[in-house]
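I opened this notebook to keep track of what I looked up in one structure. The entries go from the whole chain to one strand and then to the charged pairs.

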Amino acid sequence: MRFALALAALFAVTSCAGEEPPENSDTECCTVTIRTLVPEGTGTIYLAGNLPELGPWQPDGLAMTGEGRERLLIDGDVEASHEIAEFKKDPLEYFADWEGSGVLGRLVYWADVESEFLGRTRHVEIWLPPGYDDDPSVRYPVLYMHDGQNLFDPRIANTGVDWGVDEAVVRLSDRGVIPPVIVVGAWSTAERGPEYSPWHGAPGYARFLLEELMPKIDAEFRTLTGPDNTAVAGSSMGGLLSFYLVTHHPDAFGACACLRGGVGAGPRGRRRGEPRRDSLRHARHRGGTDRPGGRAILVRLRH
């Protein structure tokens with residue numbers, strides 16, 4: 001293992017925890033040291049963030065080899081260490097070892113699914129609940145979810161922690177809250193923002209689901225069809241996309257879950273503060289409920 005190092009100097013004139021320092025301040029306050037232990041043979045390690053000097057969010061924003069350039073608000077000198085035991089492998093290796101994810105039920109992966117309506121290929125995973133293989137006469141409702149790479153396998157999930165969708169479905173099914181369901185997760189791509197945006201690529205994404213993916217799912221697995229048996233769910237922009245799908249295609253999707261949905265996003269596809277009130281009123285008008293704070297909107301269409 002070897003260390004990669006990044007230093008960030010903070011400059012402030014009044015108080016480190018107080019007011020924002022002037023742009024041209026040269027009074028040193030604090031030093032932040034970030035150490036990362038990585039496997040031998042690893043190339044350059046980079047520090048990313050939302051500051052302009054770091055890209056923002058460019059994967060090669062700042063090489064962790066010396067003195068940094070960003071300004072931070074810290075009360076005193078800070079040192080943080082993080083060990084990276086290993087880096088992610090090619091997703092196909094995890095596909096072959098899906099049981100290594102510890103998932104409940106069974107995972108089926110479709111790699112590099114093409115679409116006439118979307119520019120990039122994407123992986124798709126299908127989660128079959130426990131008991132699916134026991135009785136070939138039973139059919140299941142289907143939940144379509146976005147950002148599929150984050151749903152089941154912590155080795156694949158962006159943050160190293162999956163959403164635990166399998167555990168949640170099994171727990172709710174055991175309690176009799178919902179029936180067992182099939183979950184289909186389409187992975188997001190580098191075009192996630194425009195693909196999920198109702199003002200940009202969402203109509204094409206809807207056609208991908210309705211005309212390409214859903215017919216294949218229905219042909220390959222024992223599904224129950226129609227809006228009463230089909231729901232869609234997502235987080236952030238995926239939540240906004242879910243709301244778009246359930247309101248523009250109620251003949252296909254009868255319910256949606258918008259987790260921290262980006263209902264405050266404007267036509268440019270960016271969040272602009274609080275959720276738009278007209279969107280929340282629309283959700284309630286359609287028979288949905290919204291939790292305090294606007295963190296989740298659950299919509300069930302009434303036919």
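The entries below are on a predicted model.

**Entry 1: the whole protein.** I began with the overall counts. The protein has 14 strands and six helices. Of its 303 residues, 46% are buried. I then looked at contacts with a separation of 6 or more, and 63% of these are between residues 24 or more positions apart. The accessible surface is about 16,400 Å², and carbon and sulfur atoms hold 49% of that area.

**Entry 2: strand S10.** I picked S10, residues 182–186, and asked how many of its residues are buried. I found five of five. On one side I noted Ile-182, Val-184 and Ala-186, and on the other Val-183 and Gly-185, so that both faces are covered, each of these residues being under the 20% cut-off for buried.

**Entry 3: the neighbours of S10.** Which strands pair with S10, and in what sense? Strand S8 (residues 122–128) runs antiparallel to S10 and is joined to S10 by four bridges. In this pairing I noted Glu-125, whose bridge partner in S10 is Gly-185. Strand S9 (residues 142–146) pairs with S10 in the parallel sense, over five bridges. There His-146 stands opposite Ala-186.

**Entry 4: salt bridges.** I counted seven salt bridges. One of them joins the side chains of Asp-97 and Arg-155, at 2.9 Å from N to O. Asp-97 lies in the loop between helix H1 (91–96) and strand S7 (106–113), and Arg-155 in the loop between S9 and H2, 58 residues apart. Asp-97 has 37% relative accessibility and so counts as partly exposed.

Entry 5: Asp-133 and Arg-106 meet in a salt bridge at 2.8 Å, N to O. Asp-133 is in the loop between S8 and S9 and Arg-106 in strand S7, 27 residues apart. I noted Arg-106 as partly exposed, with a relative accessible area of 28%.

Arg-120 forms a salt bridge with Glu-191, with 3.8 Å between the closest N and O atoms. The two are 71 residues apart: Arg-120 is in the loop between S7 and S8, and Glu-191 in the loop between S10 and helix H3 (192–196). Arg-120 is partly exposed at 41%, and Glu-191 is partly exposed at 34%.

Note on methods
Residues are numbered from 1 along each chain as its sequence is written. This is a predicted model: local features need pLDDT of at least 70, side-chain atom pairs count only at pLDDT 80 or more; totals for chains, interfaces and linings use all residues. Side-chain values use heavy atoms; hydrogens and water are left out. Buried means under 20% relative accessible area, exposed over 50%, partly exposed in between (1.4 Å probe, protein chains only). Two strands pair if DSSP finds at least two bridges between them. Contact means heavy atoms within 4.5 Å. Accessible areas come from the Shrake-Rupley method with a 1.4 Å probe; for residues, only the protein chains shown count as cover. A salt bridge is a side-chain nitrogen of Lys or Arg within 4 Å of a carboxyl oxygen of Asp or Glu.
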